Amino acid sequence: MSARGLLLQGGLVAGAGAVARADVLVVDGVIAEVGLDIDIPQGTTVLDTTGCVVGPGLVDLHTHLREPGNEESETIESASRAAALGGYTAIVAMPNTEPPCDSASVVADVLARARTASCEVAVAGAITVGREGRALAPMAEMAALGVTLFTDDGACVHDGDVMRRALEYAKGLSVTCAQHCEDPAIAAGGVMHEGMWSSMLGLPGQPTLAETAIVARDLGLVQLTGAPLHFLHLSAPESVRLVAAARGRGLPVTCEAAPHHLTLDDSECVRYDPRFRVNPPLRPTALVKELIELLRAGAIDAVATDHAPHASERKDVPFDEASPGMLGLQHALGLTVAALGGTEPGDVLALFGLLSRRPAAIARLREADERRAGHSAQGGDLAVGEVANLCVVDLDAPMVVTDQSIASRSKNSPYVGRTLPVTVRHTLLRGVPTVLDATAVR
Ligand SMILES: [Zn+2]
C-alpha cells in the first residue's frame with residue numbers, strides 16, 4: 001500500500017485534549033485533514049475504524065532488542081514487528097547488548113541496522129564504559145548522533161559519585177539520565193520479592209528497599225545537580241511516592257512502571273515458573289493495588305514495557321538460575337487498559353498520555369527530530385501537518401494471547417492463555433501501515 005492517500009474512517013480520535021468522532025486523512029505520510037465529511041481524494045484507500053480509537057502511535061521507553069550479540073533471543077526486525085503489533089511506532093533500545101551500546105560506533109551500528117525496522121528505533125547510550133559503573137562513557141559523542149537518553153539499565157549506577165558526575169555531564173549536554181534502581185548490597189542476589197512467598201518457596205528474596213534506597217539517593221543527586229533524571233520500571237509504591245513528591249517540589253524527575261508490575265503479583269512464582277522471574281521482582285498483591293492507584297492518580301509518568309526476550313535455554317532452567325525478564329511490547333496496551341480498568345474518554349486520553357505522549361517527551365524524541373534527520377515526530381496531537389505515526393485500537397475487542405501469536409523470537413511471555421481486553425487493529429508508521437487488521441504487513 002502506498003503512502004499516498006489513506007482515510008481512517010468512522011473512529012474516535014484521541015487528540016490533544018479530547019476524544020471526538022472524526023475521520024483522519026493521511027496524504028504522503030502526513031495528517032492532511034481531521035474532521036467529518038472530508039472530501040476523499042481519488043485513489044485514497046479507506047480503512048474502516050468504526051468502534052475504534054485513533055491515537056498517536058505508542059512509544060516505548062524501555063525495550064531490550066538483543067541485537068547486536070544475542071540474535072537467537074531477538075532481532076531488531078522481530079522486536080520491531082512485535083512493537084508494531086502492539087501499536088508502537090517508536091521504541092527506545094536499552095544499551096545492554098553485546099557489545100554494549102557505550103560508544104558512538106555501536107550507536108551508529110544499531111541505528112543503521114534499524115533503518116528498515118517496523119518502527120522507529122531510538123538508542124539509549126550507556127552511562128559508563130561497559131555498563132560497569134566506573135568510568136563515564138563518551139556521552140557527548142553519542143549525543144552528537146541524536147542519543148537523548150543514557151542508562152546502564154540491567155545494572156544500577158550504584159556508585160553515588162559516578163552518578164553525580166553523570167548527571168552533571170548530562171545536564172551540560174541537554175540529555176537525560178535514566179536509572180535502574182537496585183542497590184546490589186541490599187538486593188543481595190535475591191531472585192524474587194522478599195516476603196511470605198519467598199520464605200515459603202525457599203528462594204532468596206530482595207526487599208523493596210533495594211529499589212527505594214537508590215530512588216531516595218538519586219533524588220538527592222538531582223537536587224544537588226539540577227539535572228533531569230528518569231526512574232526506570234519502579235515497582236514499589238514508596239518509590240513512586242518519593243518521585244511524585246520531588247516532582248511536586250519542582251525537581252525535574254519522571255518515572256515509569258511496567259505492565260507486569262501492574263498485573264501480576266509474587267504469588268505467581270508458586271510453581272517456580274521462570275517466566276515470572278523479572279527484575280525488579282513481582283510484588284505482593286497489596287503493593288500491586290497501590291501501584292495501580294498511583295497510576296490512576298497521575299503519579300506515574302509513563303508505562304514502559306521492559307520488553308526482555310530470552311531464548312529458551314536461558315528460561316528453561318530452575319527459577320533461581322533463569323535470566324530475569326519477560327516479553328512486553330505486543331501486549332502492553334491491553335495490560336494497561338486492564339490495569340486502569342476503564343475505556344471512558346478520560347481513560348483513553350490517560351492511556352495515550354502514559355503510552356505515547358509522555359514517553360515521547362521523556363525520551364526527547366521531538367528534540368531528537370531536530371538533531372537527526374529522518375527521525376519523525378512521535379507522541380503527537382493528531383493535528384494537521386503532523387507526521388502520521390498512528391495506532392488504531394479496538395477497545396471493545398478481547399484477544400487471547402497464544403504462543404503462535406507472539407512475534408518475538410523468544411516466547412517468554414507470562415500471559416499465554418490470558419484474555420486481554422483490547423486489540424490493536426492498525427498501526428501506521430509515517431503514514432504507511434505496519435499492521436492491518438491485527439496482522440503485521442511489513
Ligand atoms: Zn532495568
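The crossing of helices H4 and H7 is right-handed (a crossing is right-handed if the near helix is turned clockwise from the far one by less than a right angle, and left-handed if anticlockwise). The model is a predicted one, in which local features need pLDDT of at least 70 and side-chain atom pairs count only at pLDDT 80 or more, while totals for chains, interfaces and linings use all residues. Residues are numbered from 1 along each chain as its sequence is written. Helices (H or I, at least four residues) and strands (E, at least two) are DSSP runs, numbered from the N terminus.

Helix H4 spans residues 160-173 and helix H7 residues 209-225; their axes come within 10 Å and cross at roughly 40°. Axes are lines fitted to C-alpha atoms, for helices over the stretch in contact, and angles run from 0 to 180 degrees between N-to-C directions. H4 and H7 are therefore oblique to each other (angles under 35 degrees count as roughly parallel, over 145 as roughly antiparallel, 65 to 115 as roughly perpendicular and the rest as oblique). From H4, Gly 160, Met 163, Arg 164, Leu 167, Glu 168 and Lys 171 meet Arg 217, Asp 218, Leu 221, Val 222, Leu 224 and Thr 225 of H7. Two residues are in contact if their C-beta atoms, placed from the backbone, lie within 7 Å.

The largest nonpolar core has 132 residues, and Val 54 and Phe 150 have the most contacts inside it. A nonpolar core is a set of buried Ala, Val, Leu, Ile, Met, Phe, Trp, Tyr and Cys residues joined through C-beta atoms within 7 Å. Helix H13 (residues 345-362) gives the most to this core, with seven residues. At least three core residues come from each of domain 1 (6-54 + 383-440) and domain 2 (57-371). Apart from neighbours within four places in sequence, Phe 150 is in contact with Ala 124, Gly 125, Ala 126, Ile 127, Met 139, Ala 170, Val 175, Cys 177 and Ala 178.

The domain bounds come from an automatic or database domain assignment. Taken over C-alpha atoms, the centres of domain 1 and domain 2 are separated by 26 Å. Their contact takes 27 residues from domain 1 and 39 residues from domain 2. On the domain 1 side, strands S18 (390-394), S21 (423-429) and S22 (432-436) each supply at least two of the residues that touch domain 2.

Leu 8 is placed in strand S1 (residues 6-9). Leu 8 is buried, with 25 other C-beta atoms within 10 Å (a residue is buried if 20 or more other C-beta atoms lie within 10 Å of its own, exposed if 12 or fewer, and partly exposed in between, with C-beta atoms placed from the backbone). Not counting residues up to four places away in sequence, Leu 8 touches Asp 23, Val 24, Leu 47, Thr 49, Val 54 and Val 392. The C-alpha atoms of Leu 8 and Ala 82 are separated by 22 Å, the two residues being 74 apart along the chain.

Ala 82 is among the buried residues of H1, which also include Ile 76, Arg 81 and Leu 85. Nine of the ten residues of helix H1 (residues 76-85) are buried, so this helix is largely enclosed by the rest of the structure. H1 is followed by Gly 87, whose phi is positive, near 95°.

Most residues other than glycine have a negative phi, and most peptide bonds are trans. In the loop between strand S15 (229-231) and helix H8 (237-248), His 233 has a positive phi near 25°. His 233 counts as buried, with 25 C-beta neighbours inside 10 Å. Leu 382, in the loop between helix H14 (365-371) and S18, has a positive phi of about 60°. Leu 382 is buried, with 20 other C-beta atoms within 10 Å.

The peptide bond from Glu 67 to Pro 68 is cis, with omega near 10°; Pro 68 lies in the loop between strand S8 (58-63) and H1. The bond from Asn 279 to Pro 280 is a cis peptide bond with omega near -10°, and Pro 280 is placed in the loop between helix H9 (259-263) and helix H10 (285-296).
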